[in-house]
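Hi,

Here's the structure I said I'd pass on.

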Amino acid sequence: MSPHQVTKDFEKALAAYTGAPYAVAVTSCTMALLLAVAWHLRGHTNASAKVGLVEVSIPKRTYVSVPMSIIHAGGWPTFRDEKWEGWYQLAPLFVWDSARYFSSGMYSTITSYNAGVYPQGGMVCLSFHAQKTLCDTQGGAILHDNAEADEWLRRARFDGRAEGIAPKHDTFTQVGYHCYLSPDVSTRLLWRLGGLPKHNPPLPWGPGTDSDYPDLSSLEIFK
């Protein structure tokens with residue numbers, strides 16, 4: 001049996017717990033966001049007047065890797081003043097950062113939030129960092145509902161490779177990243193998921209918590 005079967009088992013359990021049709025495990029929420037944004041921006045030609053890149057709006061107070069992931073994916077971050085809890089949208093893309101919220105049935109809760117049900121292609125990005133609800137040394141995932149995207153994301157996380165095929169026999173059709181989740185982490189996350197409560201509240205952030213985010217809009221690297 002392939003040592004990566006446990007990752008597939010974890011993804012199946014993750015999809016069942018969250019209500020998502022598909023779950024793709026990666027090394028971090030940072031990489032989940034990068035791949036999700038890259039999927040939505042591939043072939044995009046609408047450019048912003050400022051830098052010639054697609055603008056993606058996020059709250060000005062969030063983790064610093066989020067705007068960096070947008071840049072690496074081929075977009076440019078803009079910032080809005082938003083008080084958020086648990087998750088927020090990377091607008092106008094159908095991508096949500098849910099690093100601070102993980103609960104049963106969450107996929108439909110987030111993708112239908114506030115503006116009705118979004119079209120196929122909604123992606124919710126998770127974190128399994130040590131300070132998160134389902135915690136370990138690393139890990140993240142993309143919850144989504146798109147069969148075409150699922151194939152692209154699985155190649156994208158694995159150096160552009162097709163799973164189960166040796167490189168010398170593979171046909172490479174896309175440039176990928178090296179961010180597949182290792183079997184040992186998948187094993188621990190699968191075990192922890194089995195004992196997790198069905199409903200978990202959003203994690204707080206701000207003064208006095210593990211995450212007191214700065215105003216990213218004030219940083220020169222994002223101007």
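**What I found**

Let's start with D136: its relative accessibility is 6%, so it counts as buried (that is, under 20% relative accessible area, with exposed meaning over 50% and partly exposed in between, using a 1.4 Å probe and protein chains only). Before going further, note that this is a predicted model, where local features need pLDDT of at least 70 and side-chain atom pairs count only at pLDDT 80 or more, while totals for chains, interfaces and linings use all residues. Residues are numbered from 1 along each chain as its sequence is written, and side-chain values use heavy atoms, leaving out hydrogens and water.

**Salt bridges**

Side chains of opposite charge can pair when their charged atoms come close. D136 makes a salt bridge with R192, with 2.3 Å between the closest N and O atoms (the rule is a side-chain nitrogen of Lys or Arg within 4 Å of a carboxyl oxygen of Asp or Glu). This pair links distant parts of the chain, 56 residues apart: D136 sits in the loop between strand 6 (123–127) and strand 7 (140–144), and R192 in helix 6. Helices (H or I, at least four residues) and strands (E, at least two) are DSSP runs, numbered from the N terminus. R192 has 30% relative accessibility, so this residue counts as partly exposed.

How many salt bridges does the rule give? The count comes to twelve. Another one joins E11 and R157, whose closest N and O atoms are 2.7 Å apart. E11 is in helix 1 and R157 in the loop between helix 5 and helix 6, so the pair ties together parts that are 146 residues apart in sequence.

**An arginine without a partner**

R161 is in the loop between helix 5 (147–156) and helix 6 (183–194). Buried as R161 is, it has no salt bridge, and D170, the nearest side chain of opposite charge, is 4.9 Å away (Lys and Arg count as positive, Asp and Glu as negative; His and the chain ends are not counted). What does the side chain of R161 reach? It reaches the backbone oxygen of I165, at 3.1 Å. That's a polar contact: a pair of N or O atoms within 3.5 Å, where within protein one must be able to donate a hydrogen and the other to accept it, and residues adjacent in sequence count only if both atoms are side-chain atoms. Leaving aside residues up to four places away in sequence, R161 touches R154, R155, A166, P167, D170 and F172 (contact means heavy atoms within 4.5 Å).

D159 is in that loop between helix 5 and helix 6 too. D159 has a positive phi of about 60° although it is not a glycine.

**Helices**

Seven of the ten residues of helix 5 are buried, so this helix is largely enclosed by the rest of the structure. Those buried residues are A149, D150, W152, L153, R154, R155 and A156, and they pack against helix 1, strand 1 (22–26), helix 2, strand 6 and strand 7. At the N-terminal end, N146 caps helix 5 with a side-chain oxygen 2.9 Å from the backbone nitrogen of E148.

In helix 3 (residues 65–72), the buried residues are S65, V66, P67, S69 and I70. Their cover includes helix 2 (29–41), strand 2 (54–59), strand 3 (75–80), strand 4 and strand 5. Just after helix 3, G74 takes a positive phi of about 105°.

**Two more spots to look at**

P92 is in the loop between strand 4 (88–89) and strand 5 (95–97), and a cis peptide bond joins A91 to P92, with omega about 5°.

R42 is in the loop between helix 2 and strand 2. The side chain of R42 reaches the backbone oxygen of W39 at 2.5 Å. Not counting residues up to four places away in sequence, R42 touches E148 and W152.

Cheers
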